[in-house]
Amino acid sequence: MGHQPAFVIAPVQDNGTVVSPFWDKGSNNKSKVRTILKKTWKWGKLMLLIFVMVIGLWGCFQSGDQTVASSTTLGEGLEFGFPYGTTGDYRYDLSSDGAPGYRTFTQFSFDYGPFFAFFIWIFANLFIQIMYSGANWFGGLNALLAIFTLLMIVRSVSLLITIRSAIQNEKMNEVQGLLAEITAKYKDLTDMQSRQQRQMEISAAYKKYNIKPFAAIEQMLITLPIFMIISRLITIVRPMKTVVLLGIWNYSVSPLSEVFTNFANGGAIYILLMLILVPIQALSVLLPQIWAKRRNRKATPVSEKGRKKVKTQKLIQIIMVVVVCVVVCSSPTGVGVYWFLSSLFTIGQQFVVHSIIMKKRRVDSSLDKRLERLGLE
């Protein structure tokens, strides 16, 4: 009588080979693993975006909260710095007896809410360490280095989302004419059936060209908390209140406010700053659109309604550019410096993307012509 095994490790085929119960199913199981990983990444990213959005909105809603109110004067409002007497430098050490209502923020705490605990505390520590290492640098260059470092961190963390957004924008530009035609076709039709048909045609276009319309929203969800973080850092990190960029522009005051309220006493010089910030900010939005148009000359609508729809979209984009420029000029100068550097980075990044796409298209076009001459196409 033969010995029976207590358990079976793996099934055996007719030819005697042992088959793994999982991996030997080949691509079927590997496909399942990829599906699981994709879903895990999708839901994990969604939860992260929701977390960032909620905390960012929390920071927005705190704008009117006096417990986190800031001031451009040392020893007033909420300040982040080294404990009193740590360095002996009044610019970096918190005041021992500040003005009434003076509050300090030196360690991880939820006293001022999750926005300050999760975001501000981390970056404020980084800011003040970098600034203190260059405490005697001329013209606020230590603060400029701190802002640049933050920019590199933010860009590195959001790189994948930025690339994804750029790819989706490219695809959207390619079908912009088609979408305008669809929208124009149903413009005067308001019944439920027409609206459903319009949505079905748009969804079919998205599916055909593998477009994810919500990809741009991811970029917006990241941009909101970044703007709030920069605004708060500039106004509560104590040494930022003492920095004057190149000995001309105070990091903690608003250029627009200085022009209108302090024009005769030094505010006029902020006009020059706005003449630097506004064009670069506008170019960072308009240049990528111009390059995209050059790459997609065939993606223009052919009907009059379609062309009117595109003109309306362009008008909305121009209005958005104006709004962004006003917001930047109304924010502290340090925030404007951040967006200036960020805009330069965006222009450079988009130019590289444009050059790569155009080079690839020239190569593809050249290959098609050679194949045509050889009679292979």
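By pLDDT I mean the predictor's confidence in each residue, from 0 to 100, and a contact means heavy atoms within 4.5 Å. Residues 17-25 are also below 50 in pLDDT, with 14 contacts in the model beyond near neighbours in sequence. Where pLDDT is low, the predicted coordinates should not be read in detail.

Residues are numbered from 1 along each chain as its sequence is written, and side-chain values use heavy atoms, with hydrogens and water left out.

How confident is the predictor across the protein? The mean pLDDT is 77, and 76% of the residues reach 70 or more. Among the elements, strand β1 (residues 78-79) has the highest mean, 90, while helix α4 (residues 159-174) has the lowest, 67.

Now the overall layout. The protein has eleven helices and four strands. Those are DSSP runs numbered from the N terminus: helices are H or I with at least four residues, strands are E with at least two. Of the 377 residues, 39% are buried. Buried means under 20% relative accessible area, exposed means over 50%, and partly exposed is in between, using a 1.4 Å probe and protein chains only. If you take the contacts with a separation of 6 or more, 70% of them are between residues 24 or more positions apart.

Let's look inside. Which residues have the most contacts within the largest nonpolar core? They are F116, I120, F127 and L233, in a core of 54 residues. A nonpolar core here is a set of buried Ala, Val, Leu, Ile, Met, Phe, Trp, Tyr and Cys residues joined through side-chain atoms within 4.5 Å. Helices α1 (27-61), α2 (114-133), α3, α7 (215-236), α9 (270-295), α10 (304-330) and α11 each supply at least two residues of this core. The biggest giver is α2, with ten residues. Take I120 as an example: leaving aside residues up to four places away in sequence, I120 touches F105, F115, I229, R232, L233 and I236. There is also a second, separate core of seven residues, with L179, Y186, I202 and A205 among them. In soluble globular proteins, nonpolar side chains tend to be buried together.

Next, rings. A search of the whole structure turns up 13 aromatic pairs. Rings of Phe, Tyr and Trp (its six-membered ring) pair if their centres lie within 6.5 Å; planes under 30 degrees apart are stacked, over 60 edge-to-face, and the rest tilted. One of the pairs is F51 with F118, edge-to-face, at 5.5 Å centre to centre and 75° between the planes. That pair links distant parts of the chain, since F51 is in helix α1 and F118 in helix α2, 67 residues apart. F51 is partly exposed because its relative accessibility is 33%, and F118 is partly exposed too, at 32%. F105 and Y112 also pair edge-to-face, because their ring centres are 5.7 Å apart and their planes sit at 90°. Both F105 and Y112 are buried. Ring pairs join F80, F105, Y112, F115, F116 and F119 into a cluster.

A quick stop at helix α3. Why does its length make sense? Its 17 residues (141-157) should span 24 Å at 1.5 Å a residue, and the end C-alpha atoms are 24 Å apart, so the two agree. The expected span is 1.5 Å times one less than the number of residues. The buried residues of α3 are N142, A143, A146, I147, L150, L151, V154 and R155.

What about cysteines? The structure holds zero disulfides, a disulfide being a pair of cysteine sulfur atoms within 2.5 Å. C325 has C329 as its nearest cysteine sulfur, 6.6 Å away, and that is too far for a bond. C325 counts as buried because its relative accessibility is 9%; C329 is buried at 5%.

Q349 lies in helix α11 (residues 333-373) and is buried, at 19% relative accessible area. R295, in helix α9, is buried at 10%. R295 and S355 are 60 residues apart in sequence and 10.0 Å apart in space, C-alpha to C-alpha.

Technical notes:
This is a predicted model: local features need pLDDT of at least 70, side-chain atom pairs count only at pLDDT 80 or more; totals for chains, interfaces and linings use all residues.
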